[in-house]
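Here are a few friendly exercises to work through with the model open beside you. Try each task on your own before reading its solution.

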Amino acid sequence: MTVALVSAIGQQRLREAFSHFPSGVAALAAEIDREPQVLVASSFTVGVSLDPPLAAVFVQKSSSTWSLLSQAERIGVSILGVDHAETCRQLAGRNRSERFSGVERVASPTGAIRILGSAAYFECSVHDVHATGDHDAVLLFIHDLEVARETAPLVFHGSRFTQLAMEPAGMTAQ
């Protein structure tokens with residue numbers, strides 16, 4: 001039944017509908033054999049669990065970058081800031097050797113990489129993995145975190161980068 005449903009809906013229509021849900025943009029990064037590796041995802045989600053502290057990300061099973069990152073002792077998850085649009089494109093680029101060129105970052109002693117200027121940062125380890133269609137649902141145990149309250153997050157919506165409005169929707173300045 002699932003296959004028939006996807007065929008009836010169509011992948012393009014499904015992608016378009018998904019693009020109407022705004023999300024933050026996360027860079028999952030770590031050093032593997034002394035080389036920085038990164039995967040950019042708009043499928044990172046927080047609030048999975050407070051006790052234990054868990055977040056999640058959904059990664060394509062065909063991702064060769066995830067097959068590397070999943071081996072890391074710790075993975076840095078940087079919630080990219082509003083000024084990171086070009087950095088995000090570079091980190092997600094096909095040329096792996098250029099992904100980190102000029103990108104300000106720092107690695108923890110465990111190899112987790114934090115992108116400087118991010119709105120938030122989580123240092124995580126893989127807690128559990130569940131097969132979910134053409135993706136894997138990866139639960140991440142949060143070991144440490146930092147929040148930059150003055151940095152607005154980069155938002156992905158309508159298949160493009162944008163930012164949050166400065167005042168709540170429906171409110172007007174007085």
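**Exercise 1.** Find how many bridges join E4 to E5, and in which sense the two strands run.

*Solution.* Start with the residues: in this predicted model, strand E4 covers 45-49 and strand E5 covers 54-60. Next, look between them: 2 bridges join E4 to E5, and the strands run antiparallel. To locate a bridge, go to Ser49, whose partner in E5 is Leu54.

**Exercise 2.** Work out the order of the strands in the open sheet, then explain why E3 and E4 stand at its edges.

*Solution.* Begin at one end and read across: the 7 strands follow the order E3-E2-E6-E9-E10-E5-E4, with antiparallel pairing. Now check the ends: E3 and E4 each have a single partner strand, so one side of each is left without a neighbour in the sheet. Finally, the twist from one strand to the next averages 40°.

**Exercise 3.** Describe the hairpin of E2 and E3.

*Solution.* First, trace the strands: E2 (residues 26-32) pairs with E3 (residues 35-41) over 7 bridges, in the antiparallel sense. Then inspect the turn: 2 residues lie between the strands, and Asp33 takes a positive phi near 50°.

**Exercise 4.** Which residues of the largest nonpolar core touch the most other members?

*Solution.* The core has 23 residues, and the answer is Leu28, Phe44, Val57, Val77, Ile79, Phe122 and Leu140. Then ask about origins: E2 gives the largest share, 4 residues. To finish, pick Val77: beyond its neighbours within four places in sequence, its contacts include Leu28, Phe44, Phe122 and Leu140.

How values were computed:
Residues numbered from 1 in each chain as written. Predicted model: local features only at pLDDT ≥ 70, side-chain atom pairs only at ≥ 80, totals over all residues. Heavy atoms only, no water. Pairing = 2+ DSSP bridges. Core = buried A, V, L, I, M, F, W, Y, C linked by side-chain atoms within 4.5 Å. Buried < 20%, exposed > 50% of the residue type's maximum accessible area, 1.4 Å probe, protein only. Contact = heavy atoms within 4.5 Å. Axes fitted to C-alpha atoms, helices over the stretch in contact; angles between N-to-C directions.
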